[in-house]
Amino acid sequence: MGTRFDIACGRLPETVLDLNFADAHPGLSHEQAALEADRCFYCYDAPCVEACPTGIDIPRFIKAIASDNLAGASRTILQSNILGGSCARVCPTEILCEQKCVHTAIEANHAVRIGALQRFATDWQMNQSAHPFQRGESTGRRVAVVGAGPAGLACAHRLAMRGHDVTIFDRHEAPGGLNQYGVAAYKLADNFAQKEIDFLMSIGGIRFQGGAVLGQTLTLAGLRESYHAVFLGIGLSGVRALGFENEGVEGVLDAVAFIETLRSSTLSDVPVGR
Ligand code: SF4
């Protein structure tokens, strides 16, 4: 197959691979963030917030950055979206919050760099030793979360915060789902997905069990018997098919499966075509 389709490993030297897979958009410096935050008008009916799928109070966190209150900024982001750090890196902000920013209505102007500011604030938080939220008093209630992707992790964090004991089950050996296995490495460089999971789970009260597959090693009925509640965060694992005949032919992978291979291997060991 390798000869017929010319699919081979090690096509690029390590130095080029390192460059190609380095952080696509490195973070802002303190000065850049302060200047960018000062551009925000802190709109009352902020259209950027309307466009944010997680409803983050954007003018509030930007105002906190402008006042050099980074704890307040990151808390504002993370209380709406505990995965605000990875969203700052992977969200298509140019068609969401930034597209709606009122600056874009001014000729020759550009949107406030909301994603970059969000990354600046959440990166600051990641470098602090203390978790910004406290785990509540134990309720004695146990919750099973099926799926350790963004939905399952966010759900588990909020439940743990409210004092419940959470077990997350996932078919993979490590938690993270799409963030860990399905996002291109140059968007979440330096093992950021794992750092964010460690941060999220440091609130306490969350256990992870990998290699658990609903319908095979787990059943919904069994979980309902053993836990007070069950959350199914099984995600959208299917990808859009091309609709070609024989698209499952050897050597053809969908993007998410290919990224999973990239994320789980030494890059030079991944066979690719020309
Ligand atoms: S729309 Fe733009 S200027 Fe207005 S609050 Fe949002 S980021 Fe700031």
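In the predicted model, the centres of domain 1 and domain 2, taken over C-alpha atoms, are separated by 27 Å. The domain assignment of the chain places domain 1 at residues 30-126 and domain 2 at residues 142-232. Contact between the two involves twelve residues of domain 1 and 13 residues of domain 2.

The size of an interface is often expressed as the accessible area lost when the parts come together. Between domain 1 and domain 2, the buried area amounts to about 1100 Å², with carbon and sulfur atoms contributing 73% of this value. On the side of domain 1, 52% of the area buried against domain 2 is supplied by Ile82, Leu83 and Met126, more than by any other three residues.

With regard to polar interactions, zero salt bridges are counted between domain 1 and domain 2, whereas four residue pairs, both members at pLDDT 80 or more, are found in polar contact across the interface. Two or more residues each are given to the side of domain 1 that touches domain 2 by helix H6 (70-80), helix H7 (84-90) and helix H9 (114-126). Helix H7 provides the largest share of this side, with five residues. By residue class, the side of domain 1 that touches domain 2 comprises five nonpolar, five polar and two charged residues.

In the pair formed by phenylalanine 21 and tyrosine 186, the ring centres lie 6.1 Å apart and the planes meet at 55°, so the arrangement is classed as tilted. Phenylalanine 21 is located in the loop between helix H2 (14-20) and helix H3 (30-37), and tyrosine 186 in the loop between helix H11 (178-182) and helix H12 (192-201); the pair therefore ties together parts that are 165 residues apart in sequence.

Methods: Residues are numbered from 1 along each chain as its sequence is written. This is a predicted model: local features need pLDDT of at least 70, side-chain atom pairs count only at pLDDT 80 or more; totals for chains, interfaces and linings use all residues. Side-chain values use heavy atoms; hydrogens and water are left out. Domain bounds come from an automatic or database domain assignment. Contact means heavy atoms within 4.5 Å. Buried area is the accessible area (1.4 Å probe) that two parts lose on being put together, summed over both. A salt bridge is a side-chain nitrogen of Lys or Arg within 4 Å of a carboxyl oxygen of Asp or Glu. A polar contact is a pair of N or O atoms within 3.5 Å; within protein, one must be able to donate a hydrogen and the other to accept it, and residues adjacent in sequence count only if both atoms are side-chain atoms. Helices (H or I, at least four residues) and strands (E, at least two) are DSSP runs, numbered from the N terminus. Ala, Val, Leu, Ile, Met, Phe, Trp, Tyr, Cys and Pro count as nonpolar, Asp, Glu, Lys and Arg as charged, and the others, Gly among them, as polar. Rings of Phe, Tyr and Trp (its six-membered ring) pair if their centres lie within 6.5 Å; planes under 30 degrees apart count as stacked, over 60 as edge-to-face and the rest as tilted.
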